[in-house]
Amino acid sequence: KMAAAAGPAAAAAGLWSEVNRCGQNGDFARALKSVNKILQISKDDVTALQCKVVCLIQNGNFKEALGIINTHTKVLTSDIIAFEKAYCEYRLNRIESALKTIQSASQQTDKLKELYGQVLYRLERYDDCLAAYRDLIRNSQDEYEEERKTNLSAVVAAQSTWEKVVPEDLGLREATYELCYNSACALIGQGKLNEAMKKLQKAEELCRQSLSEDSDVTEEDIEAELAIIHGQMAYIMQLQGRTEDALQLYNQIIKLKPTDVGLLAVIANNIITINKDQNVFDSKKKVKLTNAEGVEHKLSKKQLQAIEFNKALLAMYTNQADQCRKLSASLQSQSPEHLLPVLIQAAQLCREKQHAKAVALLQDFADQHPANAAEIKLTMAQLKIAQGSVTKACMILRSIEELQHKPGMVSALVTMYSHEEDIDSAIEVFTQAIQWYQQFQARTNYGCCVFQPKSPVHLSLIREAANFKLKHGRKKEAISDLEELWKQNPKDVHTLAQLISAYSLVDPEKAKVLSKHLPSSDTMSLKVDVDALENSHGATYVRKKAGKLTGDNQQKEQGQGEVKKKKKKKKGKLPKNYDPKVTPDPERWLPMRERSYYRGRKKGKKKEQVGKGTQGSTTAGSSELDASRTASSPPTSPRPGSAAAVSATSNVIPPRHQKPAGAAATKKKQQQKKKKGAKGGW
């Protein structure tokens, strides 16, 4: 029995040495076979099970490895296999499960801390992730320090891009192209596009240098690695308005067919945003790239959300109403407080000419989400204006309390009310805005008895209100505004003049009193350089024109007053066949039918019979061929005995009514051919 027992033990020892050798050589497939043989000998061997899990992970079989861990929980406890389990869950995109596995581990090893940082980054918990990587960099010293710094810079870039956090200076030396790229992304998040472009160019240069040192790396491999850098360059061009350059670079990247589905999805989405409602066929092709498998695990939540928004808009532009409604409703359920889904739904309803439903939809959203009501109400007002309901649009705009006092809103409301000729409402808008600024100043200057000047915006509103009232004849109402302005600036002569003008119709005595405050004519003399004014560009033309007057003309003007210069009449053009000896026809300006000598055309035109009959015979129409007769007889004065000549001349067919030459002969030939054909056919 002892000899029999020694056989399996010896076999297991040989298998373990095989596993060790294969592991050192990186041949994990062969090592897995040896481990399976060991497990046949001892199925609950903890070390063998652990080695099998590692071999499966190295071969990329994460699902099978996780299955083994879950089926042997009694043997493979969390203390032994926590890292391998969390890593499998992470690679299978079960990020929440991986986080729970890491947090439940009894001992936080360096490997678990590294994985913890990756998990937090995927969960977009950037603050916690930043703290985790800082702790790792502070408490570890090995060959992976550069990778940790790269990950740290990636977290800072994500904060700047998605959370709009101003990144702190980490003091990292940008010696690698990954660090340069992450730094450029952080600058894009701050809106520093030119600086970001320079960083990307530096990253491209460093990438080429580092990859060209490896002789096994081809140019295609370098271009594939540079694809993400070029994609970010194209994005900067797009933000700068250089859409043609951006589109060209995007298409170049797509032609390379990179393996990164996330990069392809982002580029395809950006091309769709450039196309907008144009080139829809190309957009429909590009949108397929955003649906590739695994895209949802490669992009952030905001990137995925932007892609879904663009899908809904593309469905609207391609008249896929049901698809547009379905996508926008899904987006609204995911983000109930987001504005875009409801705006897309309203836009689709407007395309279907259902403006009332669109307004009702927006109103419901504004009631449910008061924080976002301002932007929604602005859209509602725009729809009302498009329908021609300007007064209702004004009511909606005035209901936005946080914008009532803004100069832009006041200007828009006054313009709209003026268009509707509702001057009282326009003045009321001015009054409410001015009162708001007065109350705001009272709150800020509470307990202060010293005279406080009004803000520039407040004074501007008062001046605009006064000018508006004066323009529409409300001088009595404008007086209080003008007095307030003059009180703020007693040296303002223009305001004082307006105030005197307004009082002149209401209280002339008050106007006289105020006119004493006007400066004298001596103090108002303008310091003008006459020579410089005369030599200016505008005065040159006037001086040249005045210089054309001669001395004689000046004397005539002094003695005889103004003399108007007679214009020379141009001679009219005469016709080419004009004969000065012949008196022109006095009725030549009348149409032919209205002239006294017009006789009209005779009916029953006779065909010319020239050349017909026996040889040598004459016909009645032979007189037409007599040149001596036709030359002496005017065509418009018929004489007895010349009826044939008259009929010939009066029946001349105008050129556009004539048949083409040889038409009759051609017709006869065609008839003869038909007859011959018929005869032969029978």
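This is a short tour of a predicted model, stop by stop.

**Before you start**

Residues are numbered from 1 along each chain as its sequence is written. In this predicted model, local features need pLDDT of at least 70, side-chain atom pairs count only at pLDDT 80 or more, and totals for chains, interfaces and linings use all residues, while side-chain values use heavy atoms, leaving out hydrogens and water.

**The whole chain**

Show everything as a cartoon. The protein has 34 helices and 0 strands. Both are DSSP runs numbered from the N terminus: helices are H or I, at least four residues, and strands are E, at least two. Of the 682 residues, 31% are buried. Buried means under 20% relative accessible area, exposed over 50%, and partly exposed in between (1.4 Å probe, protein chains only).

Now colour by pLDDT, the predictor's confidence in each residue, from 0 to 100. The average is 79, and 79% of the residues score at least 70. Select residues 446-451, where pLDDT stays under 50. The model gives this stretch 2 contacts beyond four places in sequence; contact means heavy atoms within 4.5 Å. Where pLDDT is low, the predicted coordinates should not be read in detail.

**The largest nonpolar core**

Select Leu 362, Ile 376, Leu 397, Val 410, Val 414 and Phe 468. Within the largest nonpolar core, of 41 residues, these touch the most other members. A nonpolar core is a set of buried Ala, Val, Leu, Ile, Met, Phe, Trp, Tyr and Cys residues joined through side-chain atoms within 4.5 Å. Which helices each supply at least two residues? They are α19 (339-351), α20 (355-368), α21 (373-386), α22 (390-398), α23 (407-419), α24 (423-444) and α25 (456-471). The largest share, 8 residues, comes from α24.

Zoom in on Ile 376. Beyond four places in sequence, Ile 376 is in contact with Leu 339, Val 342, Leu 343, Leu 362, Phe 365 and Ala 366. Another core, of 34 residues, lies apart from the largest one; its members include Cys 180, Cys 207, Ile 222 and Ile 236.

**The cavity**

The structure holds 1 cavity of 30 Å³ or more. On a 1 Å grid over the protein atoms alone, a cavity is a set of points where a 1.4 Å probe fits but cannot get out; lining residues have an atom within 4 Å of a point. Grid points are joined across faces, edges and corners, and a volume is the space filled by probe spheres set on the points. The largest cavity has about 50 Å³ of space. Select its lining: Arg 398, Gln 404, Leu 413, Val 429, Gln 432 and Ala 433. Helix α24 gives the largest share, 3 residues.

**Around α17**

Select Ser 300, in the loop between α16 (295-298) and α17 (301-317). Is Ser 300 buried or exposed? Ser 300 counts as buried because its relative accessibility is 9%. Beyond four places in sequence, Ser 300 touches Glu 124 and Trp 162.

Move to Leu 314, in helix α17. Leu 314 is buried too, at 8% relative accessible area. Its contacts beyond four places in sequence are Val 280, Ser 283, Lys 284 and Val 287.

**Two loop residues**

Asn 319 lies in the loop between α17 and α18 (321-334). Asn 319 has a positive phi of about 60 degrees, although it is not a glycine. At 60% relative accessibility, Asn 319 is exposed.

End at Glu 421, in the loop between α23 and α24. The phi of Glu 421 is positive, near 60 degrees. Glu 421 is exposed, at 69% relative accessibility. Most residues other than glycine have a negative phi.

How values were computed. On a 1 Å grid over the protein atoms alone, a cavity is a set of points where a 1.4 Å probe fits but cannot get out, and a pocket is an open set with protein on both sides within 12 Å along at least five of seven lines; lining residues have an atom within 4 Å of a point.
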